[in-house]
Amino acid sequence: MPLITLKNLSLSFGTPPLLDAVNMQITRNERVCLLGRNGAGKSTLLKLINNEIQADDGSISIPPGIKVAKLDQEVPENLDGTINEVVANGLDKAGKLLTRYYHLLHEITLGGDDKLLDQLGECQHELEAAGGWEISSRLEAIISKLQLDGDTDFNALSGGLKRRVLLARALVNQPDLLLLDEPTNHLDIESIIWLEKFLLDWKGSLLFISHDRVFLQKLSTRIIEIDRGQLTDWPGDYPTYISRKQKALEDEDKENALFDKKLAQEEVWIRQGIKARRTRNEGRVRALEALRRERADRRNVSGSANVQIQTADKSGKIVLEAENISYTYPDKPDGEPVIRNFTTTILRGDKVGIIGPNGAGKTTLIRLLLGQLEPQSGRVKIGTKLEVAYFDQHRSVLDENKSVQDNIADGSDMVTINGKDRHVISYLRDFLFDPERARQPVKALSGGERNRLLLARLFSQPSNMLVLDEPTNDLDSDTLDLLEERLTEYKGTILLISHDRAFLDNVVTSTIVFESHGEVNEYIGGYDDWLRQAKSTEPDKKTKSQKHGKRSNQADNSISYVERQELGKLPGKLEKLEKQQKQLLEQMGTADFYKQDQGKITQVQQQLAKLETELETVFVRWEELEEKA
């Protein structure tokens with residue numbers, strides 16, 4: 001029996017509809033990932049299922065006794081009290097009694113009077129009458145399982161731990177179906193891995209939104225995509241979805257092209273002379289009208305972002321040098337350094353990832369390297385001709401009350417991109433802002449739109465060094481893939497703070513890792529390379545693996561940096577070869593091809609054979625590197 005059934009569900013906030021008579025079922029023990037472009041309606045669908053908003057038409061069927069709980073993207077601002085109180089708030093009437101019980105208990109531990117003790121006694125009696133102690137036991141068990149301290153004040157927690165408390169609040173009701181909206185946003189890698197393991201062990205069903213490719217690959221048993229108002233079921237894992245989706249889009253393009261060709265032919269027919277109109281077939285006329293209606297109703301694939309990075313003149317060869325730098329926060333009680341005796345040299349063109357728990361000191365390290373903070377010991381030397389563009393995860397450079405276009409052009413109609421003037425509206429279209437959206441204030445934007453605006457602002461500045469602090473939050477998969485591609489092509493230097501493991505693996509050439517007690521080490525390659533190197537080294541013989549002139553201790557059978565770069569270029573090479581193959585096949589398929597000189601025919605045939613051999617070679621090499629990676 002399905003846990004939930006959506007039947008002909010429709011919702012529109014205008015035209016076209018966000019959901020157009022969609023159908024879906026989720027059964028027990030499924031972990032379903034909901035994918036789609038920013039603004040496609042993913043969060044809206046979760047709100048519909050959770051009964052936060054109502055559909056225009058259709059139905060949502062949930063059998064009696066089936067419980068649904070939801071974990072939102074953002075932490076609510078109005079939550080106060082201890083962890084026990086916040087979690088108990090997620091329960092029914094007995095939960096309210098529990099909240100009061102925990103609140104009184106907390107007040108008494110802070111030095112309460114006899115009046116509070118009397119109130120606590122009354123609350124205990126009410127809890128007994130309502131069967132609340134069994135719920136209390138369940139609450140304490142879930143808090144313990146999520147490795148939380150129930151007496152800790154909620155507002156004193158980090159963002160990641162607050163999300164964990166909200167997960168406990170969702171789970172305490174023992175839901176059959178848990179709805180998660182971007183659960184990995186703003187979590188560090190350690191917290192993401194913890195969440196992965198917890199959810200894999202959890203016995204309920206999941207419907208979750210995530211663009212973290214490693215997270216969704218590990219968790220999902222099925223992928224559902226929302227695209228142009230429709231839901232499509234894609235059984236299998238994420239790579240299977242990518243390949244099948246690409247094939248489906250290609251088939252759709254072919255079908256649309258055939259349809260448009262037929263429509264064009266019928267339009268020519270209907271516009272023939274008077275004699276033709278006198279004798280025309282009325283059935284054919286009605287068929288043409290149906291074709292016109294079908295074409296008018298077609299919803300084409302949304303455009304992709306067109307991210308282009310504006311570059312400045314080259315910097316000096318040595319971009320940054322740090323020698324034995326240390327830094328301790330002035331207000332840190334234990335006086336332990338967040339960075340201890342760290343040394344690095346960053347050269348022009350290096351792409352350096354920075355990994356560590358939230359609060360470890362990643363942003364502090366960047367500020368030290370850029371000269372915005374003075375190290376308390378050691379020295380930093382900044383290279384020449386540096387033009388730095390900075391992406392701030394907190395979006396502090398955006399003026400909430402100004403329009404999108406004014407945040408880019410500051411009141412002007414034009415921006416200069418790579419030496420050429422462009423209208424700001426035209427430039428913002430590259431980042432998927434239509435003219436109406438471009439004129440709205442920033443405060444009206446979603447999280448994904450704000451990050452796209454930050455990228456638009458960042459890349460409108462000439463730079464030879466990019467500093468990116470969590471640029472991937474809220475970006476959809478298409479924009480994420482394009483950003484990866486552009487950063488890989490970027491000729492300047494990159495410092496990248498990210499908790500997206502796949503993004504790090506695909507972009508960076510080396511990784512700086514905050515490990516423990518202020519120890520910061522550097523490793524060749526991305527996240528997976530660091531894991532391999534860290535595992536292959538004895539703790540008491542650990543070598544700080546530097547990029548320049550030092551030997552990596554990664555395993556001999558792992559993929560090298562050069563091979564990883566080669567692997568990254570192969571899809572583009574294949575696409576180019578397949579395009580050439582397609583052009584030759586189309587040329588050979590024309591009626592006049594075989595009417596020409598035999599020598600030219602043979603030349604084209606030989607070209608095609610050579611291309612097919614090269615394609616086969618590239619495919620084999622791709623498989624070798626994929627397997628090695």
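This is a predicted model: local features need pLDDT of at least 70, side-chain atom pairs count only at pLDDT 80 or more; totals for chains, interfaces and linings use all residues.
**Exercise 1.** Find out how the rings of W194 and F198 are arranged: stacked, edge-to-face or tilted?

*Solution.* Start with the idea that a pair of aromatic rings is described by the distance of the centres and the angle of the planes. The ring centres of W194 and F198 are 5.3 Å apart, and the cut-off for a pair is 6.5 Å. Next comes the angle: the planes of W194 and F198 meet at 15°, and planes under 30 degrees apart count as stacked. So W194 and F198 make a stacked pair. A search of the whole structure turns up 8 aromatic pairs.

**Exercise 2.** Which charged end sits over the ring of W194?

*Solution.* Go to the ring of W194 and look for a charged end over it. You'll find R164 there, with its charged end 4.0 Å from the ring centre. Elsewhere, R452 has its charged end over the ring of F433, 5.2 Å from the centre.

**Exercise 3.** Which residues touch the most other members of the largest nonpolar core?

*Solution.* The largest nonpolar core has 53 residues. Within it, L139, L146, L167, L178 and L199 touch the most other members. Now zoom in on L139: leaving out residues up to four places away in sequence, its contacts include V87, L91, Y102 and V172. There's also a second, separate core of 43 residues, with A389, F431, L480 and Y490 among them.

**Exercise 4.** Place G41 in the chain, then say which residues it touches beyond four places away in sequence.

*Solution.* First, G41 is in the loop between strand 3 (31–35) and helix 1 (42–49). Its relative accessibility is 6%, so G41 counts as buried. Beyond four places in sequence, G41 touches L18 and I226. Take I226: G41 and I226 are 185 residues apart along the chain, but their C-alpha atoms are separated by 7.2 Å.

Terms used. Residues are numbered from 1 along each chain as its sequence is written. Side-chain values use heavy atoms; hydrogens and water are left out. Rings of Phe, Tyr and Trp (its six-membered ring) pair if their centres lie within 6.5 Å; planes under 30 degrees apart count as stacked, over 60 as edge-to-face and the rest as tilted. A charge sits over a ring if NZ of Lys or CZ of Arg is within 6 Å of the ring centre and within 35 degrees of the ring normal. A nonpolar core is a set of buried Ala, Val, Leu, Ile, Met, Phe, Trp, Tyr and Cys residues joined through side-chain atoms within 4.5 Å. Buried means under 20% relative accessible area, exposed over 50%, partly exposed in between (1.4 Å probe, protein chains only). Contact means heavy atoms within 4.5 Å. Helices (H or I, at least four residues) and strands (E, at least two) are DSSP runs, numbered from the N terminus.
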